[in-house]
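Good morning, and thank you for making time for this presentation.

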Amino acid sequence: MGLRRTFLLGVMKHFAIPRIKKMVERDHSTSRIPGAILPTETSPTRFVIPLEMMKLISTRDDLSMNLAIPVRRMMSILKNEEYSVESISKNPTPVRTETTESFVEEMEDFAKGLGIGSVGYTRLSENLIFQNMGVLYKNAIVLTMEMDSDKIELAPSPETGDMIMRTYDELGIATNKLADFLRSHGYGAQASHPIGGLVLYPPLAQSAGLGWLGLHGLLITPEFGPRVRFSAIFTSIENLPFSERSEHEWIEQYCKKCGRCMRECPTQAIFEEPLVEGHRITHIDREKCFPYFTQYYGCTICVKVCPFSRRSYDELRKRVKE
Ligand code: SF4
Ligand code: SF4
């Protein structure tokens, strides 16, 4: 075993794995909050990417983990993930449940100022809550943050991997700040960090009207295509402008004609017919994708080659109509 690998496995075992396990336990504590909304029997189980990566490379000598996360970045992510759980105790009592259009506008402006790309609203279905997690309110504010297009074009590369972790970190910070903003106006808020989080984000974001699920399993948004990360805030506000119907269904038709991610995936992990796992519908064979994803900086080729990452939403919509 090479020196670098021995060192990396040692850091993982004694530093990274215990910290991440602690993070998972902290997230699980949300299910013990009195009154928390809990998952159903068929709700998904969260796939903790860093833990699974470490498990994989400790059992496969032929693989190395090429997603070197700078320690400073990792500490920031863990700190903000911790804050998203612990700040629940800062919720006001009693909480306000009604808001006004002008407050929603003010909140969206505040979110944009934090680097948030788009904001959507939906009512959470229990079927999307991960096993062992608990959510305080059904009213979901779903947030996106754009990933840098130049760095996506370099995928797979260390620069792309680094940019993705930076986006997770910045979105986690912005989500906590927005949750605090709601609390400061008397509303209850529970932030769900973009890394892992409490719920399955792509279908939540789709029901919030933020885009439509593409064949690669990622949400395609009108503003940034699939070049986005998601987070959410669950709030006591009952009268948010919840999305009623989506204008983005046509993306499904586009995917049927396109299939580019399927053709260009280096491991042929994307397939045409969906696999239904409880309430999770997936087109990705994780067994095929994950070793490559681990080895090559989080891969991201399916995001890079998707036409929605490179061309405008309106231009592609016209093509479907032609
Ligand atoms: S991340 Fe890479 S390996 Fe995984 S599905 Fe996308 S293109 Fe394929
Ligand atoms: S590459 Fe094509 S098929 Fe794949 S998600 Fe994007 S539009 Fe759909």
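**A loop residue, and the fold around it**

I begin with Tyr-297, which sits in the loop between α10 and α11. Helices here are DSSP runs of H or I with at least four residues, strands are runs of E with at least two, and both are numbered from the N terminus. The phi angle of Tyr-297 is near 55°, a positive value in a residue other than glycine. Most residues other than glycine have a negative phi, and most peptide bonds are trans.

A word on conventions. This is a predicted model, in which local features need pLDDT of at least 70 and side-chain atom pairs count only at pLDDT 80 or more, while totals for chains, interfaces and linings use all residues. Residues are numbered from 1 along each chain as its sequence is written, and chains are lettered from A and ligands numbered from 1 in the order in which they are written.

Two cis peptide bonds deserve mention. One joins Thr-93 and Pro-94, with omega about -10°; Pro-94 lies in the loop between α3 (71-86) and α4 (101-113). Another runs from Ala-155 to Pro-156, with omega near -5°, and Pro-156 is placed in the loop between α5 (149-153) and α6.

As for the overall chain, it has 13 helices and 8 strands. Its radius of gyration, taken over C-alpha atoms, is 20 Å. The globule rule, 2.2 Å times the number of residues to the power 0.38, gives a close 20 Å for 322 residues, so the chain is as compact as a globular protein of that length.

Strands β2 (139-146) and β6 (228-235) pair over 8 bridges, and Met-145 has Arg-229 in β6 as its bridge partner. Axes are lines fitted to C-alpha atoms, for helices over the stretch in contact, and angles run from 0 to 180 degrees between N-to-C directions.

I turn to a helix pair. The axes of α2 (49-59) and α10 (286-295) come within 10 Å and cross at roughly 90°. The two helices are therefore roughly perpendicular, the term for 65 to 115 degrees. Glu-52, Met-53, Leu-56 and Ile-57 in α2 meet Phe-290, Pro-291 and Thr-294 in α10, contact being C-beta atoms, placed from the backbone, within 7 Å.

Helix α10 also supplies the largest share, 3 residues, of the shell around ligand 1. A residue is near a molecule if its C-beta atom, placed from the backbone, lies within 6 Å of it. The shell around ligand 1 includes Cys-265, Cys-289, Cys-299 and Cys-302.

Which residues come nearest to ligand 2? Of the 13 around it, they are Gly-214, Cys-255, Cys-258, Cys-261 and Cys-306. Two or more residues each come from α8 (250-258), α9 (260-264) and α12 (307-310), with α8 giving the largest share, 3 residues.

Key
Parallel < 35°, antiparallel > 145°, perpendicular 65-115°, else oblique. Contact = placed C-beta atoms within 7 Å. Pairing = 2+ DSSP bridges.
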